[in-house]
Amino acid sequence: MKLYYKPGACSLASHIALRESEADFEIEKVDTKIQKTETGDDFQKINIKGVVPVLKLEDGQFLTEGPAILQYIADKHPRAGLAAEPGTLERARINEHLTYVSSELHPAFAPLFSASATDEQKKAARNKVGLKLDYINKLLSDGRDYLVANSFSIADAYLFTASSWCGFVGIDMSKWSDLSSYVNRVSSREKVQIALKAEGLA
Ligand SMILES: N[C@@H](CCC(=O)N[C@@H](CS)C(=O)NCC(=O)O)C(=O)O
């Protein structure tokens, strides 16, 4: 398998899941601005949507959309315990959190990474991200170490990745103390550090 990624982008979640599951894989960086991969391939031929992550499967097919990739990795490597069995409430909870990050938190950051967003749009985005993180912080304030069943899952890989964008856009996370502890906890995992180092982020 090969993961197409951009350092620190949402593809980091898939990268973490691959490291945690000890899968056999390689990574290739993508410059999404010019739609070229590190080895010079036309990224448009890999993903016409022009975004990472993309997982190239053993048979040459390309799988896109972070939550789909994360669940594929987890289901292919059940011994890593990155997602509960389909049909269980725990699995539905994992989906619940993946969907929240993908449809609420992740897009709330978008104007903060956009060169064309106005100061007003950026201010509104900061407020919106803050509201999403208020909710996450509340969720984590019951003493749990990880989102579901107190066990690291693909939902944690994605929430950690999106939360870490606060550092890139100058949002001070210290007001969300439970979330800050959670981010430190996930960050200190051996495989997470390996993924961060491989992307040049640690
Ligand atoms: N719906 C897609 C969204 C993926 C996405 O937004 N990827 C961003 C990085 S987080 C990207 O590649 N953006 C293009 C760019 O940054 O130029 C998914 O969930 O995988």
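By class, which residues make up the shell around the ligand?

1. **Ligand shell.** The shell has five nonpolar, three polar and three charged residues. This is a predicted model, and the points below should be read that way. The residues around the ligand are K6, A9, C10, T32, K33, V51, V52, P53, E65, G66 and S102. One of them, G66, is also among the buried residues of helix α2. S102 returns in point 8.

2. **Fold inventory.** The chain has seven helices and five strands. Read from the N terminus, the order of elements is β-α-β-β-β-β-α-α-α-α-α-α. The radius of gyration is 17 Å, close to the 17 Å that the globule rule gives for 202 residues, so the chain is as compact as a globular protein of that length. Along the principal axes, the C-alpha atoms fill a box of roughly 45 × 45 × 30 Å.

3. **Burial and contacts.** Of the 202 residues, 34% count as buried. Take the contacts in the chain with a separation of 6 or more: 59% of them come from residues 24 or more positions apart.

4. **Two domains.** The chain is divided into domain 1 (2–80 + 191–198) and domain 2 (89–189). The centres of the two domains, taken over C-alpha atoms, are separated by 20 Å.

5. **Where the domains touch.** How many residues of domain 1 are in contact with domain 2? There are 14 of them, and they meet 11 residues of domain 2. On the domain 1 side, the elements that give two or more residues are α1 (11–20), α2 (66–76) and α7 (190–198). Helix α2 gives the most, with five residues. By class, this side has nine nonpolar, four polar and one charged residues.

6. **Helix α2.** What covers them includes α1, β4 (54–56), β5 (62–64), α3 (89–109) and α5.

7. **The core.** The largest nonpolar core holds 52 residues. Which of them touch the most other members? They are A17, L70, I154 and Y158. Helix α5 (residues 154–169) supplies the largest share, nine residues. Leaving out residues up to four places away in sequence, I154 touches A17, L70, Q71, A74, L82, A83, I94 and L98.

8. **V183.** Is V183 buried, exposed or partly exposed? V183 is partly exposed, with 19 other C-beta atoms within 10 Å. V183 sits in helix α6 (residues 177–187). Setting aside neighbours within four places in sequence, V183 is in contact with F160, S163, S164 and M173. How far is V183 from S102? Their C-alpha atoms are separated by 18 Å, and the two residues are 81 residues apart along the chain. S102 is one of the residues around the ligand.

Key:
Residues are numbered from 1 along each chain as its sequence is written. This is a predicted model: local features need pLDDT of at least 70, side-chain atom pairs count only at pLDDT 80 or more; totals for chains, interfaces and linings use all residues. A residue is near a molecule or strand if its C-beta atom, placed from the backbone, lies within 6 Å of it. Ala, Val, Leu, Ile, Met, Phe, Trp, Tyr, Cys and Pro count as nonpolar, Asp, Glu, Lys and Arg as charged, and the others, Gly among them, as polar. Helices (H or I, at least four residues) and strands (E, at least two) are DSSP runs, numbered from the N terminus. The radius of gyration is taken over C-alpha atoms; the globule rule is 2.2 Å times the number of residues to the power 0.38. A residue is buried if 20 or more other C-beta atoms lie within 10 Å of its own, exposed if 12 or fewer, and partly exposed in between; C-beta atoms are placed from the backbone. Two residues are in contact if their C-beta atoms, placed from the backbone, lie within 7 Å. A nonpolar core is a set of buried Ala, Val, Leu, Ile, Met, Phe, Trp, Tyr and Cys residues joined through C-beta atoms within 7 Å. Domain bounds come from an automatic or database domain assignment.
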